[in-house]
Amino acid sequence: MSELQAPPWSAEEFEHRLRGKSSSYHIHHPFHVMMAQGQLTREQLRGWVANRFYYQISIPRKDAAILANCDDREVRREWVLRILDHDGYGEDEGGIKAWIGLGQAVGLSRDDVVSLRHVMPAARFAVDAYVDFARRASWQEAVASSLTELFAPHIHQQRLDTWPEQYPWVDAAGLRYFKARLTQARRDVQHGLTLTLAYFSRTRALQERALEILQFKLDVLWALADAIMLSQCEMRIMSPKLAPDIAPGNARE
């Protein structure tokens with residue numbers, strides 16, 4: 001009997017295999033390891049913030065695509081919170097505004113961030129591939145792709161723990177995005193995990209498909225980190241005239 005013809009794993013085993021994908025999470029990417037160890041220059045940290053903003057503004061578009069494909073009212077009522085978390089609602093200005101604040105905390109102007117002029121083509125390509133997947137896939141598959149949030153609280157906490165010591169020049173007020181995501185990501189992942197376990201546990205083939213989808217999303221985040229690392233390493237060796245004008249100097253302080 002082939003593995004795809006085998007009976008489905010138990011819900012516990014399936015969840016264990018999903019969580020086992022943590023070894024592919026971008027917290028292990030060399031650029032993020034350097035970040036956690038305080039090895040990034042001001043220029044490189046600013047480059048990361050500027051490039052990642054494109055991912056941040058694309059998250060609500062991805063979630064809107066899931067809503068557009070979803071015919072389950074109860075799922076939509078819960079999933080829409082993700083859009084509000086980023087776009088804001090009422091007096092809550094949302095995660096996108098908080099990320100702009102992070103940019104300003106590391107020394108970028110608002111225009112540096114929102115103009116997207118520092119976003120590298122490869123970073124755009126990786127993020128656009130994810131949004132396109134959410135538009136084309138079934139809503140259940142797009143939900144499964146969101147399960148990288150299983151691992152997100154760790155990386156947010158890591159930044160909150162290491163940045164004040166490693167990058168004391170960063171205004172601490174700018175870290176509020178990471179603080180907010182500690183709670184939001186845990187709420188979101190419980191919802192997404194419940195939906196994924198319920199839908200994909202029907203057959204082994206579906207479970208394998210969910211693991212493939214989660215790996216795809218992990219690969220997107222890894223590719224995004226690749227693009228940022230390549231661009232920031234190039235900035236160290238390029239002519240100042242050719243390098244992006246994010247910030248002068250490359251001394252770590």
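Which residues do ring pairs link into a cluster? I looked this up, and the members are Trp48, Trp99, Trp163, Tyr167, Trp169, Tyr177 and Phe178.

**Ground rules**

I am working with a predicted model, where local features need pLDDT of at least 70, side-chain atom pairs count only at pLDDT 80 or more, and totals for chains, interfaces and linings use all residues. Residues are numbered from 1 along each chain as its sequence is written, and side-chain values use heavy atoms, with hydrogens and water left out.

**Aromatic rings**

I searched the whole structure and got eleven aromatic pairs. Rings of Phe, Tyr and Trp (its six-membered ring) pair if their centres lie within 6.5 Å; planes under 30 degrees apart are stacked, over 60 edge-to-face, and the rest tilted. I picked out tyrosine 25 and phenylalanine 151: their ring centres are 5.5 Å apart and their planes stand at 55°, so this pair is tilted. The two residues are 126 apart in the chain, with tyrosine 25 in the loop between α1 (11–19) and α2 (30–36) and phenylalanine 151 in the loop between α8 (139–145) and α9 (152–166). Helices here are DSSP runs (H or I, at least four residues), numbered from the N terminus.

Are these two buried or exposed? Tyrosine 25 is buried at 5% relative accessibility, and phenylalanine 151 is buried at 9%. Buried means under 20% relative accessible area, exposed over 50%, and partly exposed in between (1.4 Å probe, protein chains only).

I also checked for charges over rings (NZ of Lys or CZ of Arg within 6 Å of the ring centre and within 35 degrees of the ring normal). The charged end of arginine 82 lies over the ring of tryptophan 79, 3.6 Å from its centre. Arginine 202 does likewise over tyrosine 199, at 4.3 Å.

**The largest core**

Next I looked at nonpolar cores, which are sets of buried Ala, Val, Leu, Ile, Met, Phe, Trp, Tyr and Cys residues joined through side-chain atoms within 4.5 Å. The largest has 65 residues, and those touching the most other members are Leu18, Leu45, Trp48, Leu102, Val106, Trp163 and Phe178. Elements giving two or more residues include α3 (42–69), α7 (121–136) and α10 (176–200). Which element gives the most? It is α11, with twelve residues. Apart from this core lies another, of twelve residues, among them Val75, Trp79, Trp139 and Ala142.

**Helix α5 and what follows**

Ten of the twelve are buried, including Trp99, Ile100 and Leu102. The buried residues pack against α3, α4 (73–87), α6, α9 and α10. Beyond neighbours within four places in sequence, leucine 102 is in contact (heavy atoms within 4.5 Å) with Trp48, Val49, Trp163, Gly174, Leu175 and Phe178.

Valine 106 is in the loop between α5 and α6 (110–114), and it is buried at 1% relative accessibility. Tryptophan 169 is 63 residues from valine 106 in sequence, yet their C-alpha atoms are 7.5 Å apart.

Glutamine 207 is in α11 and is buried, at 0% relative accessibility. Not counting residues up to four places away in sequence, glutamine 207 touches Pro8, Trp9, Ser10, Phe14, Phe200 and Ser201.
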